[in-house]
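Colleague: I am new to this one. Could you put it up and take me through it?

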Amino acid sequence: MAMQPAEIEALIRAALPDARVTIEDLAGDGDHYAAAVVSEAFRGKSRVQQHQLVYAALRGRVGGELHALALQTSAPD
């Protein structure tokens with residue numbers, strides 16, 4: 001079953017409450033998304049560590065319910 005953008009955003013915000021999250025459905029199929037996430041939690045962390053925080057927030061759904069997620073992460077300016 002495909003995930004809805006609001007569900008993806010809610011999971012990320014639950015783990016990173018200060019996050020600004022933008023979700024885009026890349027293929028219109030509910031399986032391929034791009035997400036831009038800005039959070040203070042990313043400050044001082046490598047890109048890999050930032051992405052690991054987001055994947056952890058999604059609780060194992062990437063590769064299952066959520067087939068693909070292109071991530072862009074950063075700390076606020």
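Colleague: Which residues does L69 touch, not counting residues up to four places away in sequence?

Modeller: L69 touches Y33, A34, A35, Y55 and L58, where contact means heavy atoms within 4.5 Å. This is a predicted model, in which local features need pLDDT of at least 70, side-chain atom pairs count only at pLDDT 80 or more, and totals for chains, interfaces and linings use all residues. Residues are numbered from 1 along each chain as its sequence is written, and side-chain values use heavy atoms, with hydrogens and water left out.

Colleague: And the largest nonpolar core, which members touch the most others?

Modeller: I8, I12, V37, V54, L58, L66 and L69 do, out of 18 residues. Such a core is a set of buried (under 20% relative accessible area, 1.4 Å probe, protein chains only) Ala, Val, Leu, Ile, Met, Phe, Trp, Tyr and Cys residues joined through side-chain atoms within 4.5 Å. At least two residues of this core come from each of α1 (5–15), β1 (20–25), β2 (32–38) and β3 (68–74). Helices (H or I, at least four residues) and strands (E, at least two) are DSSP runs, numbered from the N terminus.

Colleague: Now the sheet: in what order do the strands lie?

Modeller: The order is β1-β2-β3, in an open sheet with mixed pairing; strands pair if DSSP finds at least two bridges between them. β1 and β3 are at the edges with a single partner strand each, so one side of each has no neighbour in the sheet.

Colleague: How many bridges join β1 to β2?

Modeller: Six, and these two strands run antiparallel. D25 stands opposite Y33 in β2.

Conventions
Buried means under 20% relative accessible area, exposed over 50%, partly exposed in between (1.4 Å probe, protein chains only).
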